[in-house]
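Subject: Structure handover

Hi,

Here is the structure for you to look over. My notes follow below it.

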Amino acid sequence: MSIWWSLHLRREAASVPLARRLFLGTMETAGVDPDVSYELSVALTEACANAVEHGGGAAAGRGSEAYRVTAFLDGETCRIEVADAGPGFPGAPPVRAAGQDAESGRGLRLIEELSDHVHFGRSGRGGAVVSFDKLLKWKDSPSLLMA
């Protein structure tokens with residue numbers, strides 16, 4: 001089974017739960033184990049929140065008011081990519097341990113912890129792209145596969 005979808009979202013806070021709900025609905029329909037779906041949805045939420053907060057381009061008209069989420073379910077793997085038009089990652093991405101009382105700074109570390117493989121890079125539009133994947137586990141009776 002293979003499923004692919006892509007969203008072009010405005011850089012607004014309301015877009016983050018929308019992307020998460022669409023993702024969770026797709027995973028449930030496909031019959032993916034709920035624990036795996038949840039972990040990936042948290043990683044997706046963090047990537048989208050970063051795109052909303054940091055993903056604006058410096059130049060007007062550069063598509064800075066939007067970001068893109070793409071998800072691929074192919075065989076036993078799910079890959080998610082979140083791309084924006086922000087400044088990207090200068091050098092190595094700032095994955096660091098946040099202080100215990102910090103209100104931010106944990107997103108990239110969470111994505112790494114909840115995924116099997118993560119890649120931080122630059123998008124074709126000059127912004128950042130975060131790509132992460134995870135091996136899937138399946139429910140005993142996947143609804144999409146039973147059809």
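Start with a polar contact of 3.0 Å between the side chains of Lys134 and Glu39. A polar contact here is a pair of N or O atoms within 3.5 Å; within protein, one must be able to donate a hydrogen and the other to accept it, and residues adjacent in sequence count only if both atoms are side-chain atoms.

Before going on, some ground rules. This is a predicted model: local features need pLDDT of at least 70, side-chain atom pairs count only at pLDDT 80 or more, and totals for chains, interfaces and linings use all residues. Residues are numbered from 1 along each chain as its sequence is written, and side-chain values use heavy atoms, with hydrogens and water left out.

Back to Lys134. Its side chain also reaches the backbone oxygen of Leu114, at 3.1 Å. Lys134 lies in strand β5, residues 128-135. Helices (H or I, at least four residues) and strands (E, at least two) are DSSP runs, numbered from the N terminus. Lys134 counts as buried because its relative accessibility is 10%. The classes are buried (under 20% relative accessible area), exposed (over 50%) and partly exposed in between, with a 1.4 Å probe and protein chains only.

Next, the core. The largest nonpolar core has 34 residues. Such a core is a set of buried Ala, Val, Leu, Ile, Met, Phe, Trp, Tyr and Cys residues joined through side-chain atoms within 4.5 Å. Helix α2 gives the most to this core, nine residues. Phe132 is among the residues with the most contacts inside it, as are Leu40, Leu44 and Ile80. Contact means heavy atoms within 4.5 Å.

Now the strands. β2 and β3 run antiparallel, joined by seven bridges. Two strands pair if DSSP finds at least two bridges between them. β2 and β3 form a hairpin with two residues between them, and Gly75 in the turn has a positive phi of about 65°. Arg68 stands opposite Ala83 of β3. β3 also pairs with β5, antiparallel, over seven bridges. There, Arg79 has Asp133 in β5 as its bridge partner.

Last, His119. This residue sits in strand β4. His119 is partly exposed, at 44% relative accessible area. Leaving aside neighbours within four places in sequence, His119 is in contact with Val129, Val130 and Ser131. The C-alpha atoms of His119 and Val129 are 8.1 Å apart.

Best wishes
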